[in-house]
Amino acid sequence: MSTPPLSQDELKALVGQAALRYVVPGEVVGVGTGSTVNKFIDALATIKDKIPGAVSSSVASTERLRQHGIAVLEAEAVAQLSVYIDGADEIDAKGYMIKGGGAALTREKIVAAQSRQFVCIADESKWVDTLGAFPLPVEVIPMASARIMRQFAALGGQASLRLKDGKPWVTDNGQHILDVRGLKISDPLGFESEVNQWPGVITVGVFAHQKASVCLLGTATGVKTYTF
Ligand code: 5RP
């Protein structure tokens, strides 16, 4: 009898566990946000005595880390992190990603920027040829939303304000999120640079300048490791 395929949740747990080998004993680890990272945090708890603590990219991850008794340090308290571990909404063969489905993209990019290595943990549904099928999250200053939506329309994208219970979603930074559909991002570096220039954009969810250095991809045949 053949064994049933692993569920998406099981694949997330697999890569969360596999990421432990990138944690450097004695060093603070950077921690992302999302359901895959939650698996990593749960795995990290089993080796928490080996690290001084973590720098977190969101209120949600901070809460989960603390529930496990893992110390959370402010980003400013640590000059450089050896590794940042986070999920992605999409990742391509160059390690470029779309992130921000969980609205934590700004802090994720900040912590990634202070880390020597970005280890992306993802199940195989996140692997794409070209970024853009997943609606691109963009954190914006609310007064600029309407103009930024028009700027995306000029690029062929349809931007909508992310809502929660009928009201604008408010990020950990007190700002709003636009989700942009219909884009095909063939030049992630150029696209990220361009959108970063638009007044009122806080963070665009393309992670090309802060791309992954490693991807641990959970597949039906086990964890595949890609280095970029
Ligand atoms: C949060 C993120 C997440 O990494 C991304 O949304 C993937 O989440 P999940 O692991 O739940 O699929 O960027 O802002």
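Modeller: The largest cavity has a volume of about 30 Å³, a volume being the space filled by probe spheres set on grid points joined across faces, edges and corners. A cavity is a set of points, on a 1 Å grid over the protein atoms alone, where a 1.4 Å probe fits but cannot get out; a pocket is an open set with protein on both sides within 12 Å along at least five of seven lines, and lining residues have an atom within 4 Å of a point. The model is predicted, so local features need pLDDT of at least 70 and side-chain atom pairs count only at pLDDT 80 or more, while totals for chains, interfaces and linings use all residues. Residues are numbered from 1 along each chain as its sequence is written, and side-chain values use heavy atoms, with hydrogens and water left out.

A search of the whole structure finds 1 cavity of 30 Å³ or more. Its lining consists of S57, A103, A104, T106, R107, E139, D172 and N173. By class, these are 2 nonpolar, 3 polar and 3 charged residues; Ala, Val, Leu, Ile, Met, Phe, Trp, Tyr, Cys and Pro count as nonpolar, Asp, Glu, Lys and Arg as charged, and the others, Gly among them, as polar. At least three lining residues come from each of domain 1 (8-128 + 209-227) and domain 2 (136-204), with bounds from an automatic or database domain assignment.

The largest pocket has a volume of about 260 Å³. It is lined by 14 residues, and S56, L73, E74, A75 and R107 are the closest to its centre. Two or more lining residues are given by each of α3, β3 (72-73) and α4 (105-113); helices (H or I, at least four residues) and strands (E, at least two) are DSSP runs, numbered from the N terminus. The lining comprises 6 nonpolar, 4 polar and 4 charged residues.

Within helix α3 (residues 59-67) lies T62. T62 counts as buried because its relative accessibility is 15%, buried meaning under 20% relative accessible area, exposed over 50%, and partly exposed in between (1.4 Å probe, protein chains only). Neighbours within four places in sequence aside, T62 is in contact with S56 and V72, contact meaning heavy atoms within 4.5 Å.

The second largest pocket holds about 190 Å³ of space. Of its 16 lining residues, T33, G34, A88, D89 and G102 lie nearest the centre. Elements α2 and β7 each give two or more residues to this lining, which has 3 nonpolar, 8 polar and 5 charged residues.
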